[in-house]
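Please look over the structure below. Some questions and answers about its fold and one of its residues follow.

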Amino acid sequence: MNTYIYLLIFGLLAATGTLLGGWVITGGWAAGRKSIGRMLGLGAGFMLAAVFLEAVPEILELWSGRVVEAMSWVLGGYLLIQFAEHALASHLHFGEEVHAEEVGRPGAAAAAVLGLAIHAFFDGVTIASGLLTNLRLGIMLSLAVLLHKLPEGLTAASIVLSAGRSMQAARRATVWIAGSTFAGIVLVALAEPLVTYTLPLSAGVTLYIAASDLIPEANREGGARVSFYLLLGIGLFYIAHLLLHAATGE
Ligand SMILES: [Zn+2]
Ligand SMILES: [Zn+2]
């Protein structure tokens, strides 16, 4: 199948995930909130494994020996999301927003949604960089992105509602976030030679989302459960990895 078809399929799936996550909030689906909370650790486990076991080995091969240069791009991707989510926005964290006093300040909710949109843009960059490198890497990185799209949509919608805005404004924010991911995919598809740089950058972005967005949020509930879901996510990665390697004959 043509790579562009995969780009379209995973772009649509990612957008659907974000919209569904937002709908859990705007549609008032309480049970959904709980299951999404549990999924944070699982998504993080899968993402960590995808970065360290799928993306980094591929990046080092791509940069043949220029290890420090390649890893500098990974570090750059990590710092980029730290900046977008915590320098640009004064208050942003994954999961349901409940601090009305923080996001109610003028501009705070808008800055948080913008930070999240920049993050979502780079989710799109991750999907496209993976798929344009090779199908196996692309599918693994796309799955990693998909596993955190529900909490992402939920986060966006709840920020807007906590700031005292309307349901419609909350839905609009999730549409913006979903659109950002699509924009990231389109940009990389149009500038394919940049993949050498965008692939390590996306690995850093994905590492940030797993280790600095999802895990701290999952840990707020605490206990051994978080570690269990983390390991479950890594187990899922191994299963997907084995199946894909068997299917692609590598
Ligand atoms: Zn908050
Ligand atoms: Zn994301």
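Q: How many helices and strands does the protein chain have?
A: This is a predicted model, in which local features need pLDDT of at least 70, side-chain atom pairs count only at pLDDT 80 or more, and totals for chains, interfaces and linings use all residues. Residues are numbered from 1 along each chain as its sequence is written. Helices (H or I, at least four residues) and strands (E, at least two) are DSSP runs, numbered from the N terminus. From the N terminus on, the order is α-α-α-α-α-α-α-α-α-α, and the count for the protein chain is ten helices and zero strands.

Q: What is the radius of gyration of the protein chain?
A: The radius is taken over C-alpha atoms, and the globule rule is 2.2 Å times the number of residues to the power 0.38. For 250 residues the rule gives 18 Å, and the protein chain comes close to that, so it is as compact as a globular protein of that length, with a radius of gyration of 17 Å.

Q: Is Leu-132 buried or exposed?
A: Leu-132 lies in helix α5, residues 108–133. A residue is buried if 20 or more other C-beta atoms, placed from the backbone, lie within 10 Å of its own, exposed if 12 or fewer, and partly exposed in between. Leu-132 has 23 such atoms within 10 Å, so Leu-132 is buried.

Q: Which residues is Leu-132 in contact with, leaving aside its neighbours within four places in sequence?
A: Contact requires C-beta atoms, placed from the backbone, within 7 Å. With those neighbours left aside, the contacts of Leu-132 are Thr-3, Val-188, Glu-192 and Val-195.

Definitions and conventions:
Chains lettered and ligands numbered in written order. Contact = placed C-beta atoms within 7 Å.
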